[in-house]
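Please keep the picture in view while I talk.

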Amino acid sequence: MKLEELSSCLAAARLYGNGGIEITDLQADSRRVKPGDLFICLPGFTVDGHDFAPQAASSGASALVVERKLEIDLPQILVDDSRFAMSVLSNAFFKSPSSRMKMIGVTGTNGKTTTTYLIERIMEDHDVKTGLIGTIQMRYGGVSYPMPRTTPESLELQRSLNDMASKGVQCCVMEVSSHALEQGRVKGTDFRTAIFTNLTQDHLDYHHTMEEYRAAKGLFFSRLGNVISPWKEERKYAVLNADDAASSYFAAQTAAEVITYGIDNEANVRASQISITAKGTSFHVDTFKGEADISLKMVGKFNVYNALAAITAALLEEVPLADIKASLEAVPGVSGRVESVDEGQPYAVVVDYAHTPDGLENVLRTVREFAEGKVLTVFGCGGDRDRTKRPLMGKISARYSDLILVTSDNPRTEDPAAILKDIEAGLIEDSVDRSRYELIVDRREAIVKAIDMASPGDVVLIAGKGHETYQLIGGAVLDFDDRIVAQEAIRGRSH
Ligand SMILES: CC(=O)N[C@H]1[C@@H](OP(=O)(O)OP(=O)(O)OC[C@H]2O[C@@H](n3ccc(=O)[nH]c3=O)[C@H](O)[C@@H]2O)O[C@H](CO)[C@@H](O)[C@@H]1O[C@H](C)C(=O)N[C@@H](C)C(=O)N[C@H](CCC(=O)O)C(=O)O
Ligand SMILES: Nc1ncnc2c1ncn2[C@@H]1O[C@H](COP(=O)(O)OP(=O)(O)OP(=O)(O)O)[C@@H](O)[C@H]1O
């Protein structure tokens, strides 16, 4: 593609130098630049991509996208906002790949990964080749790729969507984080269906207030239908949780058709007669395309919401309800989400990714329902992230647990002991007896201790890391998997 063609996609851009040169690829990381690439200089949150333009030039970059003109002898496209320009250019360079498949996006504080997994399963069972993008991985065509973030940068996103489309993927279901929406990572992506799970406190280190956080999520719904798609014309759907207060805010913003799902309030897809056991969850569902009784192997009322969101999206893709039921009933669960570590021990050990106040409360309520004895909770809070949730999570843990072992969960550059103290502040504020909790910096030690203390009928909940196989301490990435540590602790216990 010619540089001038790319430049013309950006309304307010100015092109300096020879626009007739051929651009062979786009890059935003100088370390990946190959001869012929257009290097996009992003002013980052930590370093400024403009500083790496000389390195990109020496690796053969043939042109630059800049927010300020650089003293480098290469053609340059001058823009106001290069992150925004990157989303437009990536979409143009890869020829709007999202318009070549059905795009289903899921946003919300909790439940994104689970919901995308359920939709992927239903669509694949229905013989629709489906791609998945999210926190755990990206996968399509039988290959899975590890993901550094929940939602990729626009360049990586459009590149991946293009690859999916070229390999015959017909539908892509992806998680859309609030960071991604705020940074325009999915700008220009042609979503057919935008799903909202729920909005509760998280990421206030980045969004500052709940209003800003909600506004970021709102971008998903306000933009839905704004993408000019030359390849297809079809209806757009906003699938909203009728039981979450933020849904009316999103409904008011979107031009798309609103379809709701829920349990407590009137909804187009509504569950009733919910029954939860340690083995699974069953419910009755009324939809705009009939009704059914569904038994999930996943536990927790929150998974009923995730299933309802998936049912709604699949019905909108014309999958028969009976087929949706069959697929949902076959899903064994999602890695690290209320995952049982079962070595035949007389007490239950559950690993869960809950790392938000609401997520922790939901999973604790769930385990409380099937615990025949005490609930022993091991959890912590991440470093360099939303600090306001720490005391809140302390309070929630105490509300539902008999014993709490507060420990480390990716302290990153912070002092792990100081994070534990922040959590303890919530326990102190609620006058939780000192005998009911311990602060143990070493996560392995905390898990081993909880398991050693469990009696028959008890539940040990290890929350926060779920599927993660590492612990981020200082600048180091150390191998750590809650499930393996728990397994070893159960086996190592003498009784
Ligand atoms: C706050 C945030 O979102 N930051 C993202 C942002 O970082 P940044 O702008 O600071 O990048 P930077 O490191 O300063 O680099 C600036 C530019 O210089 C370039 N560079 C840098 C070094 C070099 O040698 N050469 C070079 O060209 C970089 O490639 C980049 O283009 O752009 C980077 C490159 O794309 C991302 O990796 C980074 O995500 C960081 C790692 C992150 O933690 N993001 C989190 C907050 C996030 O996005 N989370 C959400 C949701 C999670 C959830 O729901 O739980 C997600 O979608 O994952
Ligand atoms: N619908 C829901 N409502 C509330 N909590 C939920 C819901 N679904 C899952 N959870 C809780 O949140 C945890 C994370 O679930 P999941 O990975 O599906 O969410 P997510 O939105 O993808 O999270 P993240 O964006 O942080 O990756 C689960 O382990 C569970 O404890």
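When I speak of domains, their bounds come from an automatic or database domain assignment. What you see is a predicted model, in which local features need pLDDT of at least 70 and side-chain atom pairs count only at pLDDT 80 or more, while totals for chains, interfaces and linings use all residues. Residues are numbered from 1 along each chain as its sequence is written, and chains are lettered from A and ligands numbered from 1 in the order in which they are written.

The assignment gives domain 1 (3-94), domain 2 (97-330) and domain 3 (339-493). The C-alpha centres of domain 1 and domain 2 lie 33 Å apart. Where these two touch, 10 residues of domain 1 are in contact with 12 residues of domain 2, and by contact I mean that the C-beta atoms of two residues, placed from the backbone, lie within 7 Å. On the domain 1 side, helix 3 gives the most, with 7 residues; helices here are DSSP runs (H or I, at least four residues), numbered from the N terminus. By class, that side of domain 1 has 6 nonpolar, 3 polar and 1 charged residues, where Ala, Val, Leu, Ile, Met, Phe, Trp, Tyr, Cys and Pro count as nonpolar, Asp, Glu, Lys and Arg as charged, and the others, Gly among them, as polar.

Let me stay with helix 3 for a moment. Helix 3 (residues 82-93) packs against helix 5 (residues 154-166) at an angle of about 15°, with their axes 8 Å apart; the axes are lines fitted to C-alpha atoms over the stretch in contact, and angles run from 0 to 180 degrees between N-to-C directions. Helix 3 and helix 5 are therefore roughly parallel to each other, a term that covers angles under 35 degrees. In this pairing, M86, S87, S90 and N91 of helix 3 meet S154, L155 and Q158 of helix 5, and the residues of that contact divide into 2 nonpolar, 5 polar and no charged.

Now to the ligands. Which residues are closest to ligand 1? They are G44, F45, G49, R149 and S177, out of 18 residues that surround ligand 1, a residue being counted when its C-beta atom, placed from the backbone, lies within 6 Å. Domain 1 and domain 2 both give residues to this shell, so ligand 1 lies between them. The shell has 6 nonpolar, 8 polar and 4 charged residues.

Around ligand 2 there are 22 residues, the closest being N110, G111, K112, T113 and A354. That shell draws at least three residues from each of domain 2 and domain 3. Helix 4 (112-125), helix 10 (301-316) and helix 12 (357-370) each supply at least two residues, and the largest share, 4 residues, comes from helix 12. The shell around ligand 2 divides into 5 nonpolar, 12 polar and 5 charged residues.

Helix 12 also has a partner, helix 13 (residues 389-400), against which it packs at an angle of about 10°, with their axes 9 Å apart. These two helices are therefore roughly parallel to each other. P357, L360, E361, L364, R365 and R368 in helix 12 meet K389, L392, M393, I396, S397 and Y400 in helix 13, a contact with 7 nonpolar, 1 polar and 4 charged residues.

Conventions:
Parallel < 35°, antiparallel > 145°, perpendicular 65-115°, else oblique.
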